[in-house]
Amino acid sequence: MKYETLITELLFVERACNFHCQYCTAPLKQITSRNGVLTLEERNGEVIELDAGKDKRLGIKMREHCKKALEIFPSPILSLIGGELTLIRGLTDYIEEISSNYELVILTTNGSLLDKKMIEELSKCKKLLLYFSIDGYNYEMNSYRVSNEKMSNRILDNLRCCLENGIKVEVQMVLHDRNIEHIKEYADYLFQYSKEGYYIKLMPFPVRWTQGKYSPYQSKLSQLYQLFDEYENYQDVLPPKAYLAYLLEALENKHRTTSCYAPYYINGIDSRGRIKGCTCMPIIYSDIFADTKKARLDIEESKEAYKLRKINSGFCNTCYEGSWEMLNAYLRGDITKYELQRMQIGRTEGVIEVLDQIKDHYFII
């Protein structure tokens with residue numbers, strides 16, 4: 001298969017989440033239960049069942065968006081984001097079904113709704129990479145996300161269960177004023193799993209779009225600098241060193257200091273079928289219901305125009321987006337092929353070839 005992009009990012013039920021993290025700016029909707037099925041009320045008052053069944057409205061949409069994406073811009077990697085997708089009944093069956101079309105499937109979750117049965121089902125998908133959102137190894141570090149220590153411990157227990165079942169995990173750590181001064185301690189905690197032979201990486205990034213609230217910018221960065229200085233000792237549980245270098249630079253300057261190339265390697269589709277360079281961007285390239293040829297042309301024109309902008313909105317200034325920054329660093333030549341291949345996303349067949357084609361085509365230097 002000839003790939004047209006590197007990552008397809010599908011956004012579903014963005015307004016449905018069982019958490020109400022204090023730093024989250026998403027306009028969440030109330031989730032109710034009807035006849036044993038969780039439901040969400042849409043803007044027009046229509047009620048949507050959170051069910052990925054083939055005959056359910058949401059399940060049909062999830063499959064339709066995936067099918068159209070493969071037609072318009074085939075990619076080796078699929079990233080599934082929400083909301084909280086584990087609210088959806090039949091999610092594991094959906095992942096097993098669509099995984100045959102991709103080399104890697106990334107699922108983002110807060111981990112709170114995982115149980116032994118779901119974890120065992122997810123572990124059957126050998127192409128799965130779990131982005132596990134958890135801000136620390138204790139309640140204080142997680143207290144912007146959860147309301148009590150019991151829930152914090154439950155999530156940490158689920159993290160261990162995922163690893164013990166062979167699921168590869170990258171921990172998405174939102175940096176804020178309650179955890180950044182303990183980041184080395186968190187790396188020590190996760191490093192114990194790495195020493196047991198599990199694939200686990202810590203991916204820290206600053207809290208975004210909160211007008212300075214919860215900000216890590218006024219906090220001490222000493223533990224993060226220690227991780228950077230002692231990188232060789234922690235590299236098995238950390239992203240490439242250049243990732244940390246640019247993270248420190250962004251924290252010191254209170255905004256990103258490098259260009260983001262995500263629009264070149266990501267095609268995001270939001271829940272309404274709109275195609276964007278990433279799903280949180282305001283600029284719409286096309287939509288999945290357009291003629292395939294026209295959609296491809298619209299997408300390419302938008303990417304060519306991005307050469308001149310290098311930024312799509314004010315949101316980009318304070319965004320430092322986890323794994324995507326690692327890909328940005330590779331495109332800039334700041335990390336090597338070997339470093340990228342230490343990460344799960346870099347082990348995907350053809351990923352280097354796709355990235356190098358993007359680099360050559362868009363003259364990234």
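Which residues in α7 meet which residues in α9?

## The model

This is a predicted model, where local features need pLDDT of at least 70, side-chain atom pairs count only at pLDDT 80 or more, and totals for chains, interfaces and linings use all residues. Residues are numbered from 1 along each chain as its sequence is written, and side-chain values use heavy atoms, with hydrogens and water left out.

## Helices α7 and α9

L224, Y225 and F228 in α7 meet K241, L244, A245, L247, L248, L251 and E252 in α9. Contact means heavy atoms within 4.5 Å. Eight of these residues are nonpolar, none polar and two charged. Ala, Val, Leu, Ile, Met, Phe, Trp, Tyr, Cys and Pro count as nonpolar, Asp, Glu, Lys and Arg as charged, and the others, Gly among them, as polar.

Helix α7 spans residues 222–229 and helix α9 spans 241–253. Helices (H or I, at least four residues) and strands (E, at least two) are DSSP runs, numbered from the N terminus. The two axes come within 10 Å and cross at roughly 155°. Axes are lines fitted to C-alpha atoms, for helices over the stretch in contact, and angles run from 0 to 180 degrees between N-to-C directions. So α7 is roughly antiparallel to α9 (angles over 145 degrees).

## Two loops

A cis peptide bond joins G82 and G83, with omega at about 15°. G83 sits in the loop between β5 (77–81) and α2 (91–98).

N35 is in the loop between β2 (31–34) and β3 (37–41). Phi of N35 is near 55°, a positive value in a residue other than glycine.

Notes: Parallel < 35°, antiparallel > 145°, perpendicular 65-115°, else oblique.
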